[in-house]
Amino acid sequence: MAFIDPHMHIWDPNDGNHTAIKNYGLPAYLPTDYTADFKDRIQMCVFVEAIPDDPVEETRWVAARANVDGAIPIKGIVANMPLHKDNIEEIIKGHLEASPLVKGGRLILFEPGGFDNCNYLADNPGFKNGFGLLEKYSLSWDLQINPAGLKSATTFLKDFPKVPVVLDHVGMLKLSGETPLTEEDKKVIEEWKQDLKGFAALPNTHVKLSMLNYTITHWFEDPQKEELAKSVVLDLINIFGSNRCMFGSNFPVDKVKDKPNGTSTKLYDSFCKWVAGLPQADKDNLFVNTAKNFYRL
């Protein structure tokens with residue numbers, strides 16, 4: 001099966017528009033690099049914003065590289081959308097004019113206490129007004145928050161039932177990495193699962209099974225840690241259903257973090273192994289259909 005990857009990045013830290021990527025010291029990663037990593041395993045992919053200085057310029061830059069000869073095609077763009085800004089409608093229009101590949105938006109919130117200590121979902125009227133524009137322009141939203149923000153996100157999203165929302169990176173669950181699980185980890189997992197059930201009760205919500213190396217550091221090097229990563233994935237499939245879950249690579253972020261053993265081959269081989277016992281229809285959803293439907297590919 002040739003998969004759809006709903007969460008990948010390309011960037012050039014020297015393009016003058018990615019100060020954050022440059023400050024992190026990350027190397028350039030282009031469509032040819034992504035293709036070299038995934039070869040024949042991925043049929044198409046979705047680019048997710050990479051903290052640009054100028055959101056619309058990033059969309060233009062990615063669109064110009066979406067169909068490089070011999071490279072895996074980028075069929076969707078999740079653009080950077082600072083919904084709290086007064087000129088957000090102008091920014092959204094700029095994205096849509098820059099490329100028909102724009103399917104939705106993202107702003108990394110890490111709530112509560114995000115990058116700028118502003119809890120957008122709880123106390124920012126401008127953000128709520130901006131979120132309403134997503135429905136107007138038929139756009140989806142990639143929600144990246146901490147587990148502590150799940151309850152406020154659930155409350156917030158009740159006002160926007162027509163906006164498709166996907167929770168990035170298993171909801172940013174973070175465990176100690178110790179095996180067997182510590183008592184604190186058990187508590188964290190139970191709270192995460194309970195809050196996710198409330199979030200998943202909203203029918204427009206979905207989740208990405210991705211960035212597991214953040215959740216369980218170096219899960220790919222330890223069989224016990226890998227079993228824990230598998231349990232996180234299966235819990236999410238049980239809570240949301242396969243038709244609202246999608247596997248994503250998060251490359252090159254996870255590639256940078258996972259070297260030398262966390263290769264693309266290991267990543268997708270593990271994904272396949274973890275869900276091998278599920279019906280074929282569920283596997284089709286997890287690797288292809290959910291992403292295809294969510295991003296209208």
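Author: One definition to begin with: two strands pair if DSSP finds at least two bridges between them. The model here is predicted.

Reader: What stands opposite Asp142 in E6?

Author: Val166 of E6 stands opposite Asp142. Trp141, in turn, stands opposite Val165 in E6.

Reader: How do you know that E5 and strand E6 pair?

Author: Pairing takes at least two bridges. E5 (residues 140–143) and E6 (residues 165–167) are joined over three bridges, in the parallel sense. Three meets the requirement of at least two, so the two strands count as paired.

Reader: How does the chain get from E5 to E6?

Author: The chain crosses from E5 through H7 to E6, and this β-α-β crossover is right-handed.

Reader: What makes a crossover right-handed?

Author: Look with the strands pointing away from you: the path from the first strand over the helix to the second must run clockwise. The crossover through H7 is of this kind.

Reader: What joins strand E4 to E5?

Author: Three bridges join E4 (residues 102–106) to E5, and the two strands run parallel. At one place in this pairing, Gly105 stands opposite Trp141 in E5.

Reader: Why is E4 called largely enclosed by the rest of the structure?

Author: A residue is buried when its relative accessible area is under 20%. Five of the five residues of E4 are buried, so E4 is largely enclosed. E3 (residues 74–80) is joined to E4 by four bridges, again parallel. Asn80 stands opposite Arg106 in E4. The chain crosses from E3 through H4 to E4, also in a right-handed β-α-β crossover.

Reader: What makes you say that both faces of strand E5 are covered?

Author: Ser140 and Asp142 lie on one side of E5, Trp141 and Leu143 on the other, and all of these are buried.

Reader: Which strands stand at the edges of the sheet, and how do you know?

Author: Eight strands form an open sheet in the order E1-E2-E3-E4-E5-E6-E7-E8, with parallel pairing. E1 (3–8) and E8 each have a single partner strand, so one side of each has no neighbour in the sheet, and these two stand at the edges. The twist from one strand to the next averages 25 degrees.

Reader: How do you know whether H7 is parallel or antiparallel to H8?

Author: The axes of H7 (residues 150–157) and H8 (residues 183–200) cross at roughly 5 degrees and come within 9 Å. Under 35 degrees is roughly parallel, while over 145 would be roughly antiparallel. The angle therefore makes H7 roughly parallel to H8. In this contact, Leu150, Lys151, Ala153, Thr154 and Leu157 of H7 meet Trp192, Asp195, Leu196, Gly198 and Phe199 of H8. By type the residues are six nonpolar, two polar and two charged.

Reader: Is Ser152 buried, exposed or partly exposed, and why?

Author: Ser152 is in helix H7. Buried is under 20% and exposed is over 50%. Ser152 has 26% relative accessibility, which lies in between, so Ser152 counts as partly exposed.

Reader: What makes Asp254 count as buried or exposed?

Author: Asp254 has 2% relative accessibility, under the 20% limit, and so counts as buried. Asp254 is found in helix H11 (residues 253–258). Leaving aside neighbours within four places in sequence, Asp254 is in contact with Met211, Leu212, Asn213 and Ser249.

Reader: And Ser242: buried or exposed?

Author: Ser242 has a relative accessible area of 7%, again under 20%, so Ser242 is buried. Ser242 is found in the loop between helix H10 (223–240) and strand E8 (245–247). With neighbours within four places in sequence left aside, Ser242 is in contact with Ile237, Asp282, Asn285, Leu286 and Thr290.

Note on methods. Residues are numbered from 1 along each chain as its sequence is written. This is a predicted model: local features need pLDDT of at least 70, side-chain atom pairs count only at pLDDT 80 or more; totals for chains, interfaces and linings use all residues. Side-chain values use heavy atoms; hydrogens and water are left out. Buried means under 20% relative accessible area, exposed over 50%, partly exposed in between (1.4 Å probe, protein chains only). Contact means heavy atoms within 4.5 Å. Axes are lines fitted to C-alpha atoms, for helices over the stretch in contact, and angles run from 0 to 180 degrees between N-to-C directions. Angles under 35 degrees count as roughly parallel, over 145 as roughly antiparallel, 65 to 115 as roughly perpendicular and the rest as oblique. Ala, Val, Leu, Ile, Met, Phe, Trp, Tyr, Cys and Pro count as nonpolar, Asp, Glu, Lys and Arg as charged, and the others, Gly among them, as polar.
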